[in-house]
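Before you read my remarks, please look through the sequence and the model below. The points that follow concern side-chain contacts.

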Amino acid sequence: MADVLSQREIDELLKALTTGDVDTQVVKPEEPKGIKKYDFKTANKFPKEQMRTLNIIYENFALLLSTFLSGTLGTYCEVNVVSVEEQAYYEFTNSFPSPVILAIMSMNPLEGSSLLEVSPSVAYAILSRLFGGLATATGTDRMFTEIDLVIIEKIIRQFMPLLNEAWSKVMKIDTLLDRIETSSQFAQIVSANETIAIITVSVKVDDTEGLMNFCIPHISVEPIAKNLNTRLASTGTSYGKKVESNKDAIIRQLYNTQLTLHAVLSETAVTVRDITHLQPGDVIQLDKKIDDLISVKVEHLPKIIGSLGVKGNKYAIKIADIEKEEEALNE
C-alpha cells in the first residue's frame, strides 16, 4: 500500500498545483533508437533468396541478349542488370513513359502473365539499326506505327528462347509472347496493389542507352517458389540434374545449323551483249566435259568434289572427295 497517498499528501499536492509549484507538462517516453514502425501492409513477399536467384537468372539472360542484339543489329550492344527490387504493380505502371512498348508474356509453368517494358529509346535504336541507319533515339516522343510494332514484336519473339535458356538452370519454362500493347490500360495483368518483382536491365546500342523492365507478379512465382534457390542457380543444377556445359550447348546448336550447298557445274565467260540477247533454246557452252568432277560449295566455300548423276527423278551429286581446310589454304 506504499503507492497510496494519504489525505495530507493529497492536500499538499492540490495546493502545489494551484500555486504552480508543480510542472503539469506530460513527459513523453523516449522511443528507443534504431527502431522503426513496421507496416504489415507493405511486408516483403519476395524473400532475399528469391531476389538473388532472379538476379542470377537475368544476368545470364543479359549476356545472351547482348550477343543476340550484336549479331542481329550488326553493331556493339551491351546489356547489364541494373537492379532487382520489389514494388506494387501500380507504382510500376505509374512510371511508364509515353509512348512505351509493353510485351505481355506467358511463362509456363508460372501462373498468369508477366510483362516486359521496353523504353522508347531502346525500341527506336533497334528500329533505326534494322532499317540501316544509326542507333539513334531521335523522335522518341512520336507514337509507334503499325510497321514499328510488327518489327519490334518479331525481335521480342526471337529472344524469348533466350529467356528459356537463362531460366534453365533453375527450371524449365516455356516463354510465349501473347501480345504487344502501347498503353498501360490494356496491360493490366494483375490488380493494382499486387506485389511484383521488377528486374531492370540496361541496354546500350552504340551510344544510345535505355532500359528494359521485366515484371513478374508474386502470384506467378508461388507455385515454383521452392525452385528459386541460389544454390541451384549457381551450381547449374535443375531438378537434381546437371545442366549441360556451354561447350556441349554450342556444339549441339552448331550441329542443328542449316547450311546451303551449291553445286557448280562449270564456269565460263560471256559478254554483256550475249546475256542481253539470250533467248529460250539458246545453248551456253561450258568448259567441262559431262563426266568431269564438279565442285560443291558449302555456303561460299568449296568443300566437296563429286560427279553429277541422277537419283530417282532428281539430279544428284555423288561425293568423290572432301576438300580439307589445309588444302584450301595452301591453294
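**Notes on side-chain contacts**

1. Glutamate 181 and arginine 179 join their side chains in a salt bridge, with N and O 3.0 Å apart; the term requires a side-chain nitrogen of Lys or Arg within 4 Å of a carboxyl oxygen of Asp or Glu. Glutamate 181 is buried at 18% relative accessibility, whereas arginine 179 is partly exposed at 38% (buried is under 20% relative accessible area, exposed over 50%, partly exposed in between, with a 1.4 Å probe and protein chains only).

2. Please bear in mind that this is a predicted model, in which local features need pLDDT of at least 70 and side-chain atom pairs count only at pLDDT 80 or more, while totals for chains, interfaces and linings use all residues. Residues are numbered from 1 along each chain as its sequence is written, and side-chain values use heavy atoms, leaving out hydrogens and water.

3. The count comes to three salt bridges, and another of them joins arginine 157 to glutamate 153 at 2.8 Å, N to O.

4. Nine aromatic pairs are found in the whole structure, a pair being rings of Phe, Tyr and Trp (its six-membered ring) with centres within 6.5 Å, stacked when the planes are under 30 degrees apart, edge-to-face over 60 and tilted for the rest. Tyrosine 58 and tryptophan 167 make an edge-to-face pair, 6.5 Å centre to centre with 85 degrees between the planes, and both residues are buried.
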